[in-house]
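Thanks for coming. Please have a look at the slide.

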Amino acid sequence: MSAGRVFAYGAAAGLIGDLLLGDPRRGHPVAAFGRAAGAVERVLWRDHRGWGALHTVVCAGGAVALGGVATRAVRDCAVASVALTGVATWAVVGGTSLAREARAIGRALEAGDVEGARARLPHLCGRDPQALDADGIARAVVESVAENTSDAVVGALVWGAVGGVPGLLGFRAVNTLDAMVGHKSARYRRYGWASARLDDLAGWPGARLTAVLAALAGDDPRGAVRAWRADAGKHPSPNAGPVEASFAGALGVRLGGTLSYGGRVEHRPVLNGAERGVGTRDIERAVRLSRRVGWLALGVCVAARRIAKGRTS
């Protein structure tokens with residue numbers, strides 16, 4: 001069986017597995033990687049970019065190497081190769097957990113339980129929930145769904161199409177490292193620099209594909225493209241900007257503005273500012289758009305891999 005078919009069948013199986021099973025509450029492979037990366041950090045940490053870069057190489061390189069060894073071990077068996085790709089895809093994507101958490105917050109808001117929604121918000125993003133009212137929580141959820149559609153689904157599929165199982169594991173490792181050490185705290189401003197920059201680089205193609213597919217799959221394609229072109233560059237993140245702007249235009253809502261992380265207030269630019277603010281009902285609309293984008297991304301990645309293979313053969 002060709003590598004393209006192995007990826008197509010395996011990635012589809014992995015997405016179906018995520019849809020049916022979601023993430024396990026205990027023993028998730030990404031959590032195991034996080035514990036290993038934390039152990040490496042405890043050994044290597046210095047307030048220095050070079051040591052942080054070494055941490056990134058050891059952890060992300062180890063994930064890629066593990067994927068390469070596993071791929072080589074099953075390369076002579078098509079069924080095992082598809083199964084490995086399926087398990088790897090299931091392990092690295094998180095669309096179902098993303099949708100589950102977003103919907104749980106949405107149900108709490110619909111029931112008028114703002115405190116319950118605040119209590120659940122940290123499961124989805126790192127913002128300070130106590131500073132948010134119901135509409136602010138809804139906006140945070142929609143923005144998180146948009147960004148994580150790229151980080152937790154589309155980006156992984158892109159790198160899976162490029163590099164198979166090593167690409168899948170490597171992308172998730174880089175993304176996890178950024179979440180762990182890539183933020184601008186006093187401890188990680190230098191140590192996490194390499195992880196943050198590598199995450200920007202690895203996330204670039206997936207973010208653009210997510211923005212394109214959100215425009216195609218949303219309610220207002222022209223509005224999505226218009227918001228992307230006008231506002232994406234204003235966002236401090238080179239990858240979250242296109243994704244959030246495209247989602248804002250596709251959903252016909254306004255995103256961005258003031259937010260708080262860890263007690264630090266940020267005044268981010270408004271995206272698609274001519275439209276209305278986010279309401280509770282927009283959470284479900286964002287989740288559905290995220291789902292459509294994920295499945296479209298699978299189709300695009302499979303087709304791109306087959307086209308690339310045809311040109312090289």
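The lining of the largest cavity has 8 nonpolar, 3 polar and 2 charged residues. Here Ala, Val, Leu, Ile, Met, Phe, Trp, Tyr, Cys and Pro count as nonpolar, Asp, Glu, Lys and Arg as charged, and the others, Gly among them, as polar.

Before going on, the source. This is a predicted model, in which local features need pLDDT of at least 70 and side-chain atom pairs count only at pLDDT 80 or more, while totals for chains, interfaces and linings use all residues. Residues are numbered from 1 along each chain as its sequence is written, and side-chain values use heavy atoms, with hydrogens and water left out.

Back to the cavity. On a 1 Å grid over the protein atoms alone, a cavity is a set of points where a 1.4 Å probe fits but cannot get out; a pocket is an open set with protein on both sides within 12 Å along at least five of seven lines; and lining residues have an atom within 4 Å of a point. Volume is the space filled by probe spheres set on the points, with grid points joined across faces, edges and corners.

The whole structure has 1 cavity of 30 Å³ or more. The largest cavity has a volume of about 160 Å³. Of its 13 lining residues, Gly 95, Val 153, Ser 290, Arg 291 and Gly 294 lie nearest the centre. Which helix gives the largest share of this lining? That is α11, with 5 residues. Helices α1 (3-21), α5 (95-110), α7 and α11 (281-312) each supply at least two. Helices are DSSP runs of H or I, at least four residues, and strands are runs of E, at least two, numbered from the N terminus.

Next, two loop residues. Gly 94 sits in the loop between α4 and α5. Is Gly 94 buried or exposed? Gly 94 is buried because its relative accessible area is 13%; buried means under 20%, exposed over 50%, and partly exposed in between, with a 1.4 Å probe and protein chains only. Not counting residues up to four places away in sequence, Gly 94 touches Asp 18, Asp 23 and Ala 152, where contact means heavy atoms within 4.5 Å.

Asp 23 belongs to the loop between α1 and α2. With 22% relative accessibility, Asp 23 counts as partly exposed. The side chain of Asp 23 makes polar contacts with the side chains of His 28, at 3.2 Å, and Ser 97, at 2.8 Å. A polar contact is a pair of N or O atoms within 3.5 Å; within protein, one must be able to donate a hydrogen and the other to accept it, and residues adjacent in sequence count only if both atoms are side-chain atoms.

Asp 23 and Asp 200 are 177 residues apart along the chain, and their C-alpha atoms are separated by 25 Å. Asp 200 brings us to Asn 239, whose side chain reaches the backbone oxygen of Asp 200 at 2.9 Å. Asn 239 is in the loop between α9 (221-231) and α10 (240-251), and counts as buried at 9% relative accessibility.

Last, the second largest pocket, with a volume of about 420 Å³. Its lining has 22 residues, and Pro 29, Phe 33, Ala 63, Leu 66 and Leu 169 lie nearest its centre. By class, 20 are nonpolar, 1 is polar and 1 is charged. Ala 63 is also among the buried residues of α3.
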